[in-house]
Amino acid sequence: ENKLVADVFGDWTVGGVMQYTSGNYLGVPSSNNNLSSSIFQGTVQNQVSGTPLYLANLGDHSLDPNKTLTLNPAAWVDAAAGQWGTSAAAYGNYRGVRSANEQFNLGRTFRLREKMTFEIRAEAFNAFNRINWAGPSTGNPTATVTHDASGNLTGGFGYVSAANSGNSPRNAQLVARFQF
């Protein structure tokens, strides 16, 4: 009976790669004041206290980048003329999209003879079919929001480009190898 159990459950391999990353820091918008033209050194805009940084949750799976801007332009205001901005270069709570990717494999080696084996393996990539959006545009909060002829967003502060997102659909492959 132990030989039957060994034949059924032996020589299997299981593997996986799981990659989870927090979003990249988003840069604080550059100020449009006259400092850069006066001394050739730009500065950042000031964060408006108590104003949310986001209009939409970047991790929301129902996010439609064709219809929704994600960053709040009201959260930033230009530094006064001739003055430095008071914001930090980056904030821990002002980040791009988190990403996740899981890959798994399952295989078995069948020993046919002393020096002959047959291996079969199934591999799954992006196993949970996760969507990983590109980071939002962080340029000028007062930039004009643009749309295409269909009414879909094509630009603006907080625009997420679906075309530039690294979305690979879930896929799998079956691998077989005969070794002698």
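A124 touches E102, Q103, F104, N171 and A172, leaving out residues up to four places away in sequence; contact means heavy atoms within 4.5 Å. The model is predicted: local features need pLDDT of at least 70, side-chain atom pairs count only at pLDDT 80 or more, and totals for chains, interfaces and linings use all residues. Residues are numbered from 1 along each chain as its sequence is written, and side-chain values use heavy atoms, with hydrogens and water left out.

A124 sits in strand β5. Strands (E, at least two residues) and helices (H or I, at least four) are DSSP runs, numbered from the N terminus. With a relative accessible area of 21%, A124 is partly exposed. Buried means under 20%, exposed over 50%, and partly exposed in between (1.4 Å probe, protein chains only). F104 is 20 residues from A124 in sequence, yet their C-alpha atoms are 5.3 Å apart.

Next comes N126, in the loop between β5 (116-125) and β6 (146-147). N126 counts as buried because its relative accessibility is 6%. Its side chain reaches the backbone oxygen of S168 at 2.5 Å. Beyond its neighbours within four places in sequence, N126 is in contact with N101, E102, Q103, S168, P169 and R170.

The largest nonpolar core holds eight residues: L26, V28, L53, L71, A75, W76, Y94 and F157. Such a core is a set of buried Ala, Val, Leu, Ile, Met, Phe, Trp, Tyr and Cys residues joined through side-chain atoms within 4.5 Å. Apart from it lies another core, of six residues, including A56, L63, V97 and V160. In soluble globular proteins, nonpolar side chains tend to be buried together.

The surface has a nonpolar grouping too. L4, V5, V8, F9, W12, V14 and L106 form a patch with about 730 Å² of accessible area together. Patch residues have over 30% relative accessible area and no salt bridge; like charges are joined within 9 Å, nonpolar side chains (Val, Leu, Ile, Met, Phe, Trp, Tyr) within 5 Å. A salt bridge puts a side-chain nitrogen of Lys or Arg within 4 Å of a carboxyl oxygen of Asp or Glu. Areas come from the Shrake-Rupley method with a 1.4 Å probe; for residues, only the protein chains shown count as cover.

α1 (2-9) and β1 (12-21) each supply at least two patch residues. α1 gives the most, with four. Of the eight residues of α1, zero are buried, so the helix lies largely in the open. D11 follows α1 with a positive phi, near 65°. W12 belongs to strand β1 and is partly exposed, at 41% relative accessibility.

Terms used
A polar contact is a pair of N or O atoms within 3.5 Å; within protein, one must be able to donate a hydrogen and the other to accept it, and residues adjacent in sequence count only if both atoms are side-chain atoms.
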